[in-house]
Amino acid sequence: MFSKVLVANRGEIALRIVKALKELEIKSVIVYSEADAKSLPAQLADEKICVGPPKSSESYLNIPAIISAAEISKADAIHPGYGFLSENPMFAEICETSGISFIGPSSSIIKLMGDKNEARQTMKKEGVPIIEGTENPITNLREAKKFASKIGFPVMLKAVAGGGGKGMRVVHNQRELETIFPVAQAEASSSFGNPSMYIEKFLEKARHIEIQILADNYRNVIAIGERECSIQRRHQKILEEAPSVALDERTRKRMMRIVEKAAESIGYRSLGTFEFLLDEKENFYFMEANTRVQVEHPVTEAIYSIDLIKEQIKLAAGEKLNVRRDLLPRGHSIECRINAEDPFTSSPSPGKIEFLALPSGNGVRVDSAIYCGYEIPPHYDSLVAKIIVHGNSRDEAIKRMRAALLSTIIVGVKTNIPLHLKILDDYDFRQGSYDIHFMERFLKETEPS
């Protein structure tokens with residue numbers, strides 16, 4: 001097992017990792033920017049090292065500074081959390097060549113899965129269903145128009161090197177394609193340094209379902225159920241739940257077995273997530289694989305009584321997978337992402353927290369690094385807390401989440417709690433009859449007249 005792990009992240013996920021390290025009796029080192037000097041992870045980790053100014057490109061994305069911090073502190077592993085360097089194959093490779101364990105898959109797997117087109121073709125070869133789409137990257141409008149005409153509209157444009165919804169657009173006809181393709185390509189170029197795009201058939205009423213896996217260095221792979229992540233705004237997830245109400249047991253098991261087989265075939269190790277679109281007939285199609293811990297991992301932890309971060313660390317240390325294959329889910333879990341933002345415009349709302357009361361009690365968990373008096377910096381993602389509830393049934397989980405949100409008081413900044421309460425009260429959400437376009441319809445219906 002590791003003796004000291006450097007946490008290369010910030011906010012709630014950094015604190016979550018520090019706490020897991022404490023439970024494993026491993027020393028922690030946190031890197032932080034000047035803006036995060038008073039953050040909770042910086043106060044609770046065993047050691048802390050400042051790696052630069054607030055701008056993430058000069059701190060949390062500063063690879064030389066982070067590797068130096070690991071070497072100076074004599075950390076034998078780095079946990080990247082999510083975002084920042086978590087899916088950067090070059091960073092993982094530098095760790096590998098520096099003799100520092102990267103807590104995640106190998107750099108070659110991160111590189112393979114990071115190229116969306118390559119990942120699709122690899123999954124297709126492994127027998128995983130994919131949506132009809134381009135087999136090679138598209139670099140100009142002429143090729144895009146030719147392919148879109150061949151498969152028919154609507155189509156989805158995606159950045160080959162994309163993530164987080166950047167460079168992603170739905171196109172309904174040729175005229176839209178002429179306008180949107182250059183915009184999506186420019187966004188892909190500025191966000192990822194790669195303007196290449198791919199095109200796939202767009203499913204009108206799809207649901208976003210993802211399968212969680214754990215894999216060790218000895219080719220043992222296990223899928224741990226699914227998460228439903230269809231409540232999204234501009235391709236950013238807002239609320240997640242597990243299990244999905246859209247899957248029957250036969251489809252669930254089929255998805256899990258297909259993912260296990262594919263992950264084993266490509267030599268995947270560590271924790272990971274395979275994301276799918278599910279149509280109305282329960283046909284599922286691979287979208288992408290995320291080679292890191294997901295923001296929404298707690299809903300899986302809640303229904304399977306498992307600590308995914310601790311398992312991820314143990315797998316990176318070379319331990320054999322020690323999770324039972326017949327692990328069964330218990331009850332239902334929902335996670336609401338609490339962002340410091342205007343609830344209906346999504347405009348960021350950084351600032352000082354003047355008063356704070358977070359929910360607690362039976363079946364309620366909060367993952368957060370904020371505290372009363374904490375100054376939310378304007379430089380980073382607006383996520384400030386995740387409220388996770390667990391109930392014996394979906395109905396109980398919804399009611400428990402509603403009560404938890406009503407018991408949350410954050411004074412000093414705006415949050416999206418009012419938006420979550422409206423979603424929880426929505427008839428279609430309560431019935432479980434929603435898809436990835438739920439938020440578009442919901443926001444139109446709830447807009448002030």
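Guide: Buried means under 20% relative accessible area, exposed over 50%, and partly exposed in between (1.4 Å probe, protein chains only). By that cut-off, T251, R252, M255, M256, I258, V259, E260, A262 and A263 are buried in α9. This is a predicted model, where local features need pLDDT of at least 70, side-chain atom pairs count only at pLDDT 80 or more, and totals for chains, interfaces and linings use all residues. Residues are numbered from 1 along each chain as its sequence is written, and side-chain values use heavy atoms, leaving out hydrogens and water.

Visitor: What do the buried residues of α9 pack against?

Guide: They pack against α6, β9 (207–215), β10 (221–233), β12 (270–278) and β13 (284–290), where contact means heavy atoms within 4.5 Å. Helices (H or I, at least four residues) and strands (E, at least two) are DSSP runs, numbered from the N terminus.

Visitor: Why is α5 called roughly perpendicular to α6?

Guide: Angles of 65 to 115 degrees count as roughly perpendicular, under 35 as roughly parallel, over 145 as roughly antiparallel and the rest as oblique. Helix α5 (residues 107–114) and helix α6 (residues 116–125) pack at about 95 degrees, with axes 5 Å apart. That makes α5 roughly perpendicular to α6.

Visitor: Which residues meet there, in α5 and α6?

Guide: L112, M113 and G114 in α5 meet K116, E118, A119, T122 and M123 in α6.

Visitor: Where is the kink in α8?

Guide: The kink, of about 35 degrees, lies at I180, shortly before the proline P182. The bend at a residue is the angle between axes fitted to the seven residues ending there and the seven starting there.

Definitions and conventions:
Axes fitted to C-alpha atoms, helices over the stretch in contact; angles between N-to-C directions.
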